[in-house]
Amino acid sequence: MAEGETESPGPKKRGPYISSVTSRSVNLIIRGVVLFFIGVFLALVLNLLQIQRNVTLFPPDVIASIFSSAWWVPPCCGTASAVIGLLYPCIDRHLGEPHKFKREWSSVMRCVAVFVGINHASAKVDFDNNIQLSLTLAALSIGLWWTFDRSRTGFGLGVGIAFLATLVTQLLVYNGVYQYTSPDFLYVRSWLPCIFFAGGITMGNIGRQLAMVL
């Protein structure tokens with residue numbers, strides 16, 4: 001660019017899939033819808049793994065979909081995914097600490113693959129007791145955060161999400177909505193917070209990537 005010329009002001013381009021959207025409200029809605037359907041899809045797949053291994057048991061009268069999952073599980077997970085995915089970049093922006101570690105879609109896809117692997121391990125890998133499984137999944141979940149996030153915001157939100165999600169799950173099981181086989185942490189499995197932590201980090205990374213300004 002020649003000396004004296006100034007770059008013409010113009011709207012900043014947004015991240016993948018929503019690069020042509022400049023309206024902030026429309027951009028937010030589109031990202032929320034995308035995150036919702038990603039959460040629904042992951043809920044169907046991951047819940048199917050848990051049911052196949054008899055980790056979670058639903059009453060027969062609530063089994064309502066072709067994936068043998070209670071009808072309310074995917075919408076709830078989709079809504080939670082949208083909230084988490086929108087919350088991460090929002091808090092980054094308000095704290096003035098933009099997340100710049102591994103900001104590309106290939107890294108996000110690897111993060112999703114590792115999260116699915118952690119969930120798969122919770123259902124498929126046999127350990128002598130739940131404590132060994134919980135410690136293993138805790139190490140894997142923290143490793144996922146360290147590999148794909150490494151932000152204090154991400155870790156703090158992940159812990160908060162794990163606490164709240166585990167509390168809600170305890171209440172659902174207590175009220176007989178569904179149950180876990182061999183519970184060892186009140187009414188649920190002791191490794192469940194690890195799954196929620198990893199899920200929060202994963203959806204946060206997807207949300208950050210969708211909100212990325214190029």
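Of the contacts in the protein chain (heavy atoms within 4.5 Å) that join residues at least 6 apart in sequence, 76% are between residues at least 24 apart. The model is a predicted one, in which local features need pLDDT of at least 70 and side-chain atom pairs count only at pLDDT 80 or more, whereas totals for chains, interfaces and linings use all residues. Residues are numbered from 1 along each chain as its sequence is written, and side-chain values use heavy atoms, with hydrogens and water left out.

The protein chain has 6 helices and 2 strands, which are DSSP runs numbered from the N terminus (helices H or I, at least four residues; strands E, at least two). Along the sequence these elements follow the pattern α-β-α-α-α-α-β-α. Of the 214 residues in the protein chain, 42% are buried, where buried means under 20% relative accessible area, exposed over 50% and partly exposed in between (1.4 Å probe, protein chains only).

Two pairs of residues illustrate separations in sequence and in space. Lys 100, in the loop between helix 2 and helix 3, is exposed with a relative accessible area of 70%; its C-alpha lies 9.6 Å from that of Arg 208, although the two residues are 108 apart in sequence. Asn 205, in helix 6, is buried at 7% relative accessibility, and Asn 205 and Cys 111 are 8.1 Å apart from C-alpha to C-alpha with a sequence separation of 94 residues.

Once neighbours within four places in sequence are set aside, Ile 206 is in contact with Leu 35, Ile 38, Trp 105, Val 108 and Val 112.

The largest pocket has a volume of about 950 Å³. Here a pocket is, on a 1 Å grid over the protein atoms alone, an open set of points where a 1.4 Å probe fits, with protein on both sides within 12 Å along at least five of seven lines, and its lining residues have an atom within 4 Å of a point; the volume is the space filled by probe spheres set on the points, which are joined across faces, edges and corners. Among the 35 lining residues, Cys 77, Ala 80, Ala 165, Thr 169 and Phe 196 are the closest to the centre of the pocket. At least two lining residues are supplied by each of helix 1 (24-52), helix 2 (73-95), helix 3 (105-124), helix 5 (152-174) and helix 6 (192-211), and the largest share, 8 residues, comes from helix 2. The lining comprises 25 nonpolar, 10 polar and no charged residues, with Ala, Val, Leu, Ile, Met, Phe, Trp, Tyr, Cys and Pro counted as nonpolar, Asp, Glu, Lys and Arg as charged, and the others, Gly among them, as polar.

Thr 166 lies in helix 5 and is buried at 6% relative accessibility. Apart from neighbours within four places in sequence, Thr 166 is in contact with Phe 185, Pro 193 and Phe 196.

The structure holds 5 aromatic pairs, in which rings of Phe, Tyr and Trp (its six-membered ring) have centres within 6.5 Å, planes under 30 degrees apart counting as stacked, over 60 as edge-to-face and the rest as tilted. Two of the pairs are set out below.

| Pair | Centre to centre | Angle between planes | Class |
|---|---|---|---|
| Trp 145 and Trp 146 | 5.9 Å | 55° | tilted |
| Phe 155 and Phe 197 | 5.6 Å | 70° | edge-to-face |

The pair of Phe 155 in helix 5 and Phe 197 in helix 6 links distant parts of the chain, 42 residues apart. Phe 155 is partly exposed at 32% relative accessible area, whereas Phe 197 is buried at 7%; Trp 145 is buried at 14%, and Trp 146 is partly exposed at 48%. Trp 145, Trp 146, Phe 155 and Phe 197 form one aromatic cluster.

Finally, Arg 150, in the loop between helix 4 and helix 5, has a positive phi of about 65° although it is not a glycine, and is partly exposed at 40% relative accessibility.
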